[in-house]
Structure formats: C-alpha cells, structure tokens
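Have the chain loaded and your selection tool ready.

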Amino acid sequence: MIGKTVALNLVIGRSDKAALWIPALTGFADGFEFEIELRHDLEDGGSPFYFGNHPHRRRWASEGGRYPELIRFGIQFSDGRKATNIEGRTPGADEASEAAELSAHRGGGGGGRWCQEFSVRPLPPAGPLAFVCEWPVADIPETRNEIDLALVRDAAAEAVLLWPAAETRGDTARWATHGTGVVRPQESPEPPHPAA
C-alpha cells in the first residue's frame, strides 16, 4: 500500500535549548506513520537514545526513574486510548477496541540533530488526536498538542492499494514485518538433481 502524505509542521515541544516537531504524516488504511525532527543545543551533545530506543532505559523509565535525557513521547486517541514510548500501549476502552500501538522504527542523526520514525496502529477514531512530549534535560515541560483526526482519516482514505494480500508473492521469498525486525525465512525448494 502507498500511503498518502500530508504536511503537518506541528511543533510538539520547544525551549531555548531544543525543539521537536512533526513535519508530515502518512495515512494508511490501518493507521499512520510520521517522523519527529529534533534540534538541540545541549552542552553535552545529548543522548544517543533520545526516545528510549534502548530496552534498559525504557524499563528504567517505566519503573518510575527520572532519566532526564530521555524524551517522553506519546499519543492519545479521542476515546482515551493512548500509547507512549515508555509504557507501550494501553488496552482498548472496551473489549471490542483494539489497543493503541505506538512503534518506534529507524532513528538517527548527530551534531544536535535527530530524526525518529514512528507508526501508530490502528487508525484512530474521529475527533482530536493528541501528541504529548516532555524532555527534562532540555527544559521542555510536558506539552500537549492536538490535531483534528479528519486530516489523518482523509489521508488514509486516499492510500493506494497496490495489490490484495492474497496476490502478493510474499510466500515465495523472505519477508520482514516493518519495524519489528521479525524476518521469516521461507523453506528453500529442493536443489535440482544434476543431469545424469
């Protein structure tokens, strides 16, 4: 599926030391993806794990620790479902609701710059969508910004399906699920017997 990308340019946190913003988002039938851009002027150069992309730091933060270099980031749907880079996801509001899921993917940068990719599943319901962040070491307090979900849902409606899942050739080759690092090798066919 080819997602529909729309400009957002939403500043989600800012101080004299740093700024974080989401330039755009891409809508899909089952959710959306976006990148957070980060610029900072911290004296120590910041941390290579800004968003907790290290399991020990995520666990430490979720257990009540206050690691000041860690950016705390999360999303909240209009029905109350939410997910963060520290606590993962919360159950749906009722048994029929799928939990909100926020997944971090590739990230990188240097010299006061960083870019981190995220995906959100499922596609949120209509209403406001909140982005919340806090970065203690950069003096960014907990900050909440909302957008109208119509922007995301309209983009998702324009996503282009390349081919139905049943018609993919995924069963004849190796494949990976995006962002999870899970790779399933397929069984190789028996090698041909040499000609006699």
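Glu 33 counts as partly exposed in this predicted model, because its relative accessibility is 23% and the class covers values between buried (under 20% relative accessible area) and exposed (over 50%), computed with a 1.4 Å probe on protein chains only. Glu 33 forms a salt bridge with Arg 121, with the closest N and O atoms 3.6 Å apart; the term stands for a side-chain nitrogen of Lys or Arg within 4 Å of a carboxyl oxygen of Asp or Glu. Glu 33 sits in strand E3 and Arg 121 in strand E8, so this pair ties together parts that are 88 residues apart in sequence.

Two notes on reading the values: residues are numbered from 1 along each chain as its sequence is written, and side-chain values use heavy atoms, with hydrogens and water left out. As the model is predicted, local features need pLDDT of at least 70 and side-chain atom pairs count only at pLDDT 80 or more, while totals for chains, interfaces and linings use all residues. Helices (H or I, at least four residues) and strands (E, at least two) are DSSP runs, numbered from the N terminus.

**Salt bridges**

- The structure holds eight salt bridges.
- One of them joins the side chains of Arg 121 and Asp 30, at 3.4 Å from N to O. This pair links distant parts of the chain, with Arg 121 in strand E8 and Asp 30 in the loop between E2 and E3, 91 residues apart.
- Another brings together the side chains of Asp 79 and Arg 81, at 2.9 Å from N to O. Asp 79 is partly exposed, with a relative accessible area of 32%, whereas Arg 81 counts as buried at 8%.
- Which residues do shared partners join into one network of salt bridges? They are Asp 30, Glu 33 and Arg 121.

**Around Asp 30**

- Is Asp 30 buried or partly exposed? Asp 30 counts as partly exposed, because its relative accessibility is 44%.
- Setting aside neighbours within four places in sequence, Asp 30 is in contact with Val 120, Arg 121, Pro 122 and Leu 123, where contact means heavy atoms within 4.5 Å.
- Asp 30 and Leu 123 are 93 residues apart in sequence, yet their C-alpha atoms are 5.1 Å apart in space.

- Glu 37 has its place in strand E3 and is buried, with a relative accessible area of 16%.
- The side chain of Glu 37 makes a polar contact with the side chain of Arg 39 at 3.1 Å. A polar contact is a pair of N or O atoms within 3.5 Å; within protein, one must be able to donate a hydrogen and the other to accept it, and residues adjacent in sequence count only if both atoms are side-chain atoms.
- Not counting residues up to four places away in sequence, Glu 37 touches Ala 19, Leu 20, Trp 21, Pro 23, Trp 114 and Cys 115.
- Cys 115 counts as buried at 19% relative accessibility, and Cys 133 is buried too, with a relative accessible area of 1%.
- A search of the whole structure finds zero disulfides, defined as pairs of cysteine sulfur atoms within 2.5 Å.
- Gln 116 lies in strand E8, residues 113-121, and counts as buried at 0% relative accessibility. Its side chain reaches the backbone oxygen of His 105 at 2.9 Å.

**Strand E4 and its partners**

- Four of the five residues of strand E4 (residues 72-76) are buried, so E4 is largely enclosed by the rest of the structure.
- E4 runs antiparallel to strand E9 (residues 128-135), joined by five bridges; two strands pair if DSSP finds at least two bridges between them. Within E9, Glu 134 is the bridge partner of Arg 72.
- Three bridges join E4 to strand E5 (residues 82-84), again antiparallel, and Ala 83 in E5 is the bridge partner of Ile 75.
- E4 and E5 form a hairpin with five residues between them, and Gly 80 in the turn has a positive phi of about 100°.

**Helix H2**

- The buried residues of helix H2 (residues 149-157) are Leu 149, Val 152, Ala 155 and Ala 156. Seen down the axis of H2, they fall within an arc of 130°, so they line one face of the helix; the arc is taken from the directions from the helix axis to the C-beta atoms.
- These buried residues pack against strands E1 (4-14), E2 (18-28), E3 (31-40), E9 and E10 (140-148).
- At the start of H2, a side-chain oxygen of Asp 148 reaches to within 3.0 Å of the backbone nitrogen of Ala 150.
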